[in-house]
Amino acid sequence: MTKYQKIWCFLWIIFFIFGLFHYIYMLFGAKDIQTVTIEHGFYLLILAMGAVSVAPIKYGKKLLWFILFCGLATIYHLPEFQKITEIEACAEGKCQALTNLKISTTE
């Protein structure tokens, strides 16, 4: 194992332990476990990208890294990003906030 692979393995173990304890803590204290699941998936994708970067793969390394990179879009499933998207749409004149709030616009 090279120096970088040893560092990556050490960081992976630290992240796994931290993530496991954080997940258990959030199971008992969080209102919405879906948010925690989305965040942990995002972090796992970043670590997988790091693993691909130091892996001794000859062919398809860039394609695999790109596929993992595209998976980072899961972060947009967080409620905060959905609200930001609605606000940006309203700023562009495509406001759907009224329909999402189920407010009657007719009298």
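**The nonpolar patch and the helices**

Mentor: Let us begin at the surface, where I13, F16, I17, L20, F21, I24, L27, F28 and I33 form a nonpolar patch with about 940 Å² of accessible area together. This is a predicted model, in which local features need pLDDT of at least 70 and side-chain atom pairs count only at pLDDT 80 or more, while totals for chains, interfaces and linings use all residues. Residues are numbered from 1 along each chain as its sequence is written, and side-chain values use heavy atoms, with hydrogens and water left out.

Trainee: What makes a group of residues a nonpolar patch?

Mentor: Each member must have over 30% relative accessible area and no salt bridge, and nonpolar side chains (Val, Leu, Ile, Met, Phe, Trp, Tyr) are joined within 5 Å, whereas patches of like charges are joined within 9 Å. A salt bridge is a side-chain nitrogen of Lys or Arg within 4 Å of a carboxyl oxygen of Asp or Glu. Accessible areas come from the Shrake-Rupley method with a 1.4 Å probe, and for residues only the protein chains shown count as cover.

Trainee: Which helix gives the largest share of the patch?

Mentor: Helix α1 does, with eight residues. I33, by contrast, has its place in helix α2.

Trainee: Why is I33 called partly exposed?

Mentor: Buried means under 20% relative accessible area, exposed over 50%, and partly exposed in between. The relative accessibility of I33 is 31%, and therefore I33 counts as partly exposed.

Trainee: How many helices and strands does the protein have?

Mentor: There are five helices and zero strands, in the order α-α-α-α-α along the sequence. Helices (H or I, at least four residues) and strands (E, at least two) are DSSP runs, numbered from the N terminus.

Trainee: Which residues of α2 are buried?

Mentor: They are T35, V36, I38, H40, F42, L45, L47, M49 and V52, and they pack against α1, α3 and α4. In α1, the buried residues are Q5, F15, G19 and M26, and their cover includes α2 (33–54). Of the 107 residues of the protein, 18% count as buried.

Trainee: What makes F42 buried?

Mentor: Its relative accessible area is 18%, so F42 falls within the buried class. Y43, at 39%, counts as partly exposed.

Trainee: How many aromatic pairs does the structure hold?

Mentor: It holds two aromatic pairs. Rings of Phe, Tyr and Trp (its six-membered ring) pair if their centres lie within 6.5 Å; planes under 30 degrees apart count as stacked, over 60 as edge-to-face and the rest as tilted. The ring centres of F42 and Y43 are 6.0 Å apart and their planes stand at 65°, so this pair is edge-to-face.

Trainee: Why is the pair of W65 and F69 called stacked?

Mentor: Their ring centres are 5.7 Å apart and their planes are at 10°, so the pair is stacked. W65 and F69 are four residues apart in helix α3 (residues 61–71), and are thus separated by about one helical turn. W65 has a relative accessible area of 33% and is partly exposed; F69, at 42%, also counts as partly exposed. F69 and L45 are 24 residues apart in sequence and 7.6 Å apart in space, C-alpha to C-alpha.

Technical notes
Buried means under 20% relative accessible area, exposed over 50%, partly exposed in between (1.4 Å probe, protein chains only). Contact means heavy atoms within 4.5 Å.
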